[in-house]
Amino acid sequence: EDLAKRLGCPTSPSQLECLRKLPAATLIEVESGLDGHRPKVRSPLWPLMPNGPAIDGTESGLLDVPMKLVREGRFNRVPLLLGSNENGGSIFEPMLPIVLPGVRLPVKRFPETLDIAMRYFFQDNVSKVEAVYLQKEFGDGDKLIKRMIRDLIFMCPLRALASAWFSSGLPTFLYVFDFSYGLARWIGLGDFHGSELPFVFRNWLEFIKPIDPFQSPRRMSDIISCKWTSFAHGHDPNGGTTESKWLPGCQDIHGRYSAWPSFGPERFFYTLKAVPEVHGILADNYYPDDTFPRDEKCDLWDQLGMYMPWVHEEDTHSEKTLVV
């Protein structure tokens with residue numbers, strides 16, 4: 001109602017009609033705070049991601065939190081291939097000053113930023129998060145924040161979804177992209193969110209090769225292409241047990257590299273490295289040996305992740321916009 005009022009469509013019988021007549025640009029401007037307004041009730045990632053799916057409880061909309069629906073068996077029962085990138089949170093830490101105007105980076109120089117972010121995102125649950133994400137594990141606050149974003153948004157939801165999918169008796173294949181090619185390492189982002197796309201779509205490979213001549217981007221693209229298309233073709237990223245039925249061009253890939261095991265009680269995942277490896281989710285691994293976060297971290301986000309606060313008190317930190 002607050003948003004509708006700011007858009008000039010207050011509560012009335014014609015409110016819906018009024019909103020539908022507005023230009024899309026007007027909706028984006030006001031919803032993202034470009035009009036200078038910072039609402040008290042807002043998405044945890046406002047204004048970067050000012051909204052999300054609305055759970056309206058209808059069949060034509062969204063009945064409930066998707067993870068709940070999967071656990072209840074109310075989903076489309078098909079094989080699933082899912083995964084994320086080893087450094088999936090690294091490109092989001094520099095965006096913190098957009099969400100929290102006035103905070104300063106890097107955290108190693110401005111440690112108060114970590115405290116502000118913790119209070120903003122987790123409020124009454126700060127102590128629970130701090131008990132699991134200790135600075136002594138990571139060495140500095142920047143690495144902690146990057147890993148925390150990765151685990152909360154990407155990795156731990158993957159563990160939850162893969163576990164629920166497997167429990168429903170469906171083929172499930174989990175991966176982590178961990179290629180670590182030159183540019184990603186040199187700019188300090190590692191295998192950041194989206195860095196796998198050149199290999200998925202076979203774009204820009206000729207530019208990646210000179211940056212890191214010791215890696216083979218085309219070979220990684222071949223691995224991804226064969227694993228993805230084999231899964232789409234026969235529900236098995238390994239191409240199946242009959243070599244004569246492997247897709248054209250994939251004989252070398254399937255024959256050379258480790259088979260990708262399905263997710264199950266052992267909780268195996270496939271690491272997409274120059275030479276792919278098979279690992280299992282562990283209960284007691286620590287940074288930097290945390291290609292996948294340990295159970296303690298994902299247990300935390302299973303508890304808190306779906307209930308991030310949307311109501312925020314007035315911000316107490318400086319309103320100066322400063323990024324270092």
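**Entry 1: a patch on the surface**

I started on the outside, where Val41, Trp310 and Val311 form a nonpolar patch with about 290 Å² of accessible area together. A reminder to myself before going on: this is a predicted model.

Valine 41 sits in the loop between α3 (24-31) and α4 (66-71). Is valine 41 buried or exposed? With a relative accessible area of 55%, valine 41 is exposed, because the cut-off for that word is over 50%.

**Entry 2: counting the disulfides**

Next I turned to the cysteines. How many disulfides does a search of the whole structure find? The search turns up 3. I numbered the bonded cysteines in sequence order and wrote down the pairing as 1-2, 3-6, 4-5. Then I went through the pairs one by one.

**Entry 3: cysteine 9 and cysteine 18**

Cysteine 9 is joined to cysteine 18, with 1.9 Å from S to S. I looked up the torsion about the S-S bond and found -70°, a left-handed link. Are the two partners buried or exposed? Cysteine 9 is buried at a relative accessible area of 1%, while cysteine 18 is partly exposed at 26%.

**Entry 4: cysteine 156 and cysteine 298**

A disulfide also joins cysteine 156 to cysteine 298, and its S to S distance is 2.2 Å. The link is left-handed, with -80° about the S-S bond. Which parts of the chain does this pair link? I found cysteine 156 in helix α9 (residues 141-167) and cysteine 298 in helix α15 (residues 295-304). These are distant parts of the chain, with the two cysteines 142 residues apart. Both cysteine 156 and cysteine 298 are buried.

**Entry 5: cysteine 226 and cysteine 250**

My last pair was cysteine 226 and cysteine 250, joined with an S to S distance of 2.3 Å. The torsion about their S-S bond is about -95°, so I noted this disulfide as left-handed. Cysteine 226 lies in helix α13 (residues 217-234), whereas cysteine 250 lies in the loop between α13 and α14 (251-256), so the pair ties together parts that are 24 residues apart in sequence.

I finished with accessibility. Cysteine 226 counts as buried at 6% relative accessibility, and cysteine 250 counts as buried at 3%.

Methods
Residues are numbered from 1 along each chain as its sequence is written. This is a predicted model: local features need pLDDT of at least 70, side-chain atom pairs count only at pLDDT 80 or more; totals for chains, interfaces and linings use all residues. Side-chain values use heavy atoms; hydrogens and water are left out. A disulfide is a pair of cysteine sulfur atoms within 2.5 Å. Buried means under 20% relative accessible area, exposed over 50%, partly exposed in between (1.4 Å probe, protein chains only). Helices (H or I, at least four residues) and strands (E, at least two) are DSSP runs, numbered from the N terminus. Patches are made of residues with over 30% relative accessible area and no salt bridge: like charges are joined within 9 Å, nonpolar side chains (Val, Leu, Ile, Met, Phe, Trp, Tyr) within 5 Å. Accessible areas come from the Shrake-Rupley method with a 1.4 Å probe; for residues, only the protein chains shown count as cover. A salt bridge is a side-chain nitrogen of Lys or Arg within 4 Å of a carboxyl oxygen of Asp or Glu.
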